[in-house]
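I opened a notebook page for this structure and worked through its strands, its core and one of its pockets. My entries follow in the order I made them.

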Amino acid sequence: MKKKLFCIFGLILIVSAIAYFCHDHSVLPLDAENANYISFKIYPQNEPNYMVTNDDRVKEIVRAINELDVQETTDQVNRMSDSFYYFWIQISDKDIPVELDENTISINNERYQADTSDLRELLDKTYRDVMSGVIAVSYTHLRAHETGRN
C-alpha cells in the first residue's frame, strides 16, 4: 500500500513539475489598461528623475512595448549606450522594471532582442514633453515611491 501511495505521489510531483516548466511565465503582454504610471531613472544622474502619470501617455508606452517583435535572448542591455532607458511601469500595484537600448529590452529581468527605435522615439518625445511642461509629472509621488512611502 505504501509503495502505491509513494508511486502516486511521485507521479503527481512529476506532472506538476512538467506543468510548471511548460507554462509560459512571461510578463508579456503587459496590461496597458491597468498601467498607473511610469517612473523614469535618468542617466547621467545630473538629470532629474521623473514620473509620468498621464494616463494616455502611459498606456501608449505600454502598448508600444507590447507591439515590439521580440525574440528571447541572452544579450545584456548596453547600459553605456546613448539610447539606454531605465524605468518602472506600475501595473496593478506591481512595479515592473524595464531597461532597453537599440536592440535589446529587458522587462522584469526577461531579456528580448527587438528593434526598439519606435519605442525610443516615443520615450524621447515623452522626455521632451515632460521637460517643456506639456506633460505634468509627479515629483512628490516619485519621492514617496523612492522612499517606500507610497
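Before reading any partners across strands, I wrote down the rule: two strands count as a pair if DSSP finds at least two bridges between them. I also noted that the model is predicted.

**Entry 1**

I began with E4 and E5, which run antiparallel and are joined by seven bridges. Here I looked up Trp 88 and found that its bridge partner in E5 is Pro 97. Two residues lie between E4 and E5 in their hairpin, and Ser 92 in the turn has a positive phi of about 50 degrees.

I noted two facing positions: Glu 99 stands opposite Ser 106 in E6, and Leu 100 stands opposite Ile 105 in E6.

Then I went from E6 to strand E7 (residues 110–113), and counted four bridges in an antiparallel pairing. Which residue in E7 does Ile 107 stand opposite? I found Glu 110 there. The E6 and E7 hairpin has two residues between the strands, and Asn 108 in the turn has a positive phi of about 55 degrees.

**Entry 1: the two faces of E6**

I reminded myself that side chains in a regular strand alternate between the two faces of the sheet. In strand E6 (residues 104–107), are the side chains buried or exposed? Thr 104 and Ser 106 on one side are buried, as are Ile 105 and Ile 107 on the other, which leaves both faces covered.

**Entry 2: the core**

I then looked at the largest nonpolar core, which has 32 residues. Leu 30, Phe 40, Ile 65, Phe 87, Ile 89 and Ile 105 touch the most other members. E1, strand E2, helix H2, E4, E5, E6 and helix H3 each supply at least two of the core residues. Which of the elements gives the most to this core? I wrote down H2, with five residues.

**Entry 3: aromatic rings**

I found five aromatic pairs in the structure. Phe 40 and Tyr 85 make an edge-to-face pair, 6.5 Å centre to centre with 70 degrees between the planes. Phe 40 is in strand E1 (residues 35–41) and Tyr 85 in strand E4 (residues 85–91), so this pair ties together parts 45 residues apart in sequence. Both of these residues, Phe 40 and Tyr 85, are buried.

Tyr 86 and Trp 88 form a tilted pair, at 5.3 Å centre to centre and 50 degrees between the planes. I checked burial here too: Tyr 86 and Trp 88 are both buried. I also listed one aromatic cluster, made of Phe 40, Tyr 50, Tyr 85, Phe 87 and Tyr 127.

**Entry 4: a pocket**

Last, I turned to the second largest pocket, with a volume of about 160 Å³. Its lining has four nonpolar, three polar and three charged residues. Where does the largest share of this lining come from? I traced it to strand E5 (residues 94–100), which gives three residues.

Some lining residues were already in my notes. Among them are Tyr 86, Pro 97, Glu 99 and Ser 106. Tyr 86 I had from its ring pair with Trp 88, Pro 97 as the bridge partner of Trp 88, and Glu 99 and Ser 106 as residues that stand opposite each other. The lining also includes Gln 76, Val 77, Arg 79 and Arg 111.

Methods: Residues numbered from 1 in each chain as written. Predicted model: local features only at pLDDT ≥ 70, side-chain atom pairs only at ≥ 80, totals over all residues. Heavy atoms only, no water. 1 Å grid on protein atoms, 1.4 Å probe; cavity = no way out; pocket = protein on both sides within 12 Å on 5 of 7 lines; lining within 4 Å. Points joined across faces, edges and corners; volume = space filled by probe spheres on them. Nonpolar A, V, L, I, M, F, W, Y, C, P; charged D, E, K, R; others polar. Phe/Tyr/Trp six-rings, centres within 6.5 Å; stacked < 30°, edge-to-face > 60°. Buried < 20%, exposed > 50% of the residue type's maximum accessible area, 1.4 Å probe, protein only. Core = buried A, V, L, I, M, F, W, Y, C linked by side-chain atoms within 4.5 Å.
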